[in-house]
Amino acid sequence: MNIIDELAWRGAINQQTDEEGLRQLVDDKAIRLYCGVDPTGDSLHIGHLIPFVMLKRFQDFGHHPYILIGGATGSIGDPSGKSEERTLQSMDVVNENARKLTKQMKKLFLDDQDSKFTIVNNYDWTSKLTLLDFLRDYGKRFNVNTMLAKDIVSSRLEVGISFTEFAYQILQSMDYLHLYQTENIQLQIGGADQWGNITSGLELIRKVEGPEAQAYGLTIPLMLKADGTKFGKTAGGAVWLDPEKTSPYEFYQFWINQDDADVIKYLKYFTFLSHQEIEDLADQVAQAPEARQAQKALAEEMTRFVHGQEGLDDAQAITAALFQGQIKELTGKQIDQAFGNMPGATMPAEPANLAVFLVDAGVEPSRRQSREDIKNGAITINGDKMTDLDYEISPADAIEGKYLVVRRGKKKYFLVKFQ
């Protein structure tokens with residue numbers, strides 16, 4: 001199957017600059033293509049992941065993906081759809097973010113040493129330009145009226161836009177021209193909001209290289225949930241690829257909690273399951289939605305893709321232990337994953353009366369309430385119900401001598417650690 005047909009079946013194409021031309025190109029040979037990301041943060045989140053999954057699909061079809069880290073463009077910021085300008089970051093921060101994003105990309109794309117995959121940084125060539133070179137060689141080729149008509153710019157005209165952000169599309173266009181000339185890259189892909197920047201790059205290539213230059217653009221649809229809200233956000237904020245920001249367990253839970261109305265679409269978009277496997281899961285959603293087999297498959301595939309088999313194993317072990325109430329089966333690392341973002345406290349590693357301990361740890365508001373909850377069986381520690389008012393809690397009760405998972409009532413959890 002042609003990669004374009006594969007993407008179309010998965011609902012992963014929003015716009016193409018020349019569908020037939022690109023289809024013929026990828027039929028004739030293995031191509032080089034790229035997608036860019038600016039290091040404005042120290043981690044990607046799952047909203048960023050969509051175009052990079054598409055790059056991975058091209059890689060699996062034998063094509064050579066390039067990832068452009070925007071060390072130059074990230075230092076000035078693209079004009080977002082918001083009314084305010086982006087806050088400029090220092091080059092030290094930009095460079096550190098670029099290092100972390102590069103590490104994430106290598107983890108996703110380097111299946112083995114023979115993987116066709118290259119990372120470049122646009123700071124390497126943009127930083128060598130003088131202002132006069134920029135204005136003469138590039139600025140002269142851009143019509144201001146055309147630039148103003150781009151959606152991302154026109155949406156900002158009423159509130160104003162700085163020349164710095166206005167010029168962003170020139171810098172991104174320069175990237176495509178540079179990669180076309182030096183790396184023989186013929187396709188740029190990106191999110192739906194990148195259409196204007198991609199077409200600007202194609203216009204520049206044809207002005208410099210001639211109208212017959214074979215270069216193409218493809219964008220991915222804006223990802224929305226079935227209810228029309230934006231995909232990728234939770235009550236706690238973005239779902240990050242960095243396990244220090246979103247643990248593998250939290251990542252797994254995000255996917256397994258997807259709605260039946262969305263899960264097949266996400267299986268097509270994000271996973272590398274076959275057409276038949278996805279169609280079988282769609283049948284299971286229709287016939288036995290309560291089994292949530294499609295959600296389990298989605299969570300497994302995505303957690304393994306981003307965090308590896310070890311991350312998936314941890315996430316599944318935590319999920320099973322919490323469902324069965326077997327908290328003592330968890331390791332300290334797994335407890336940190338599952339409960340690290342919950343309320344908690346650090347306590348001295350010495351015995352203490354349980355009722356007093358719960359107040360000092362912030363689990364209970366008062367000793368009276370603490371004693372009442374213990375007496376009524378409302379307190380469990382590491383899965384064990386505590387009913388003895390005279391019990392002395394100590395590191396001997398803790399997992400690995402350190403971790404106490406305290407539950408008050410049915411749903412209120414606290415993580416208490418011994419120093």
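User: How do the axes of α16 and helix α17 sit, and at what angle do they cross?
Analyst: In this predicted model, the axes of α16 and helix α17, which covers residues 332-339, come within 10 Å and cross at roughly 75°. Since angles of 65 to 115 degrees count as roughly perpendicular, α16 and α17 are therefore roughly perpendicular to each other.

User: Which residues make the contact?
Analyst: From α16 the contact takes in Glu310, Asp314, Ala317, Ile318 and Leu322, while α17 brings Lys333, Gln334, Gln337, Ala338 and Phe339.

User: And what's that by class?
Analyst: The contact of α16 with α17 has five nonpolar, two polar and three charged residues.

User: Switching to α3 and α14, what's the crossing angle there?
Analyst: Helix α3 (residues 46-60) and helix α14 (residues 260-270) have axes that come within 9 Å and cross at roughly 50°, which makes α3 oblique to α14. On the α3 side the contact is made by Ile46, Ile50, Val53, Met54 and Arg57, and on the α14 side by Lys268, Tyr269 and Phe270.

User: How many polar residues are in that one?
Analyst: The contact of α3 with α14 has no polar residues, the others being six nonpolar and two charged.

User: What lines the largest cavity?
Analyst: Its lining includes Asp260, Leu281, Gln284, Val285 and Arg292, and both α15 (275-287) and α16 (293-324) supply at least two residues each. By class, the lining of the largest cavity divides into five nonpolar, three polar and two charged residues.

Conventions:
Residues are numbered from 1 along each chain as its sequence is written. This is a predicted model: local features need pLDDT of at least 70, side-chain atom pairs count only at pLDDT 80 or more; totals for chains, interfaces and linings use all residues. Side-chain values use heavy atoms; hydrogens and water are left out. On a 1 Å grid over the protein atoms alone, a cavity is a set of points where a 1.4 Å probe fits but cannot get out, and a pocket is an open set with protein on both sides within 12 Å along at least five of seven lines; lining residues have an atom within 4 Å of a point. Helices (H or I, at least four residues) and strands (E, at least two) are DSSP runs, numbered from the N terminus. Ala, Val, Leu, Ile, Met, Phe, Trp, Tyr, Cys and Pro count as nonpolar, Asp, Glu, Lys and Arg as charged, and the others, Gly among them, as polar. Axes are lines fitted to C-alpha atoms, for helices over the stretch in contact, and angles run from 0 to 180 degrees between N-to-C directions. Angles under 35 degrees count as roughly parallel, over 145 as roughly antiparallel, 65 to 115 as roughly perpendicular and the rest as oblique. Contact means heavy atoms within 4.5 Å.
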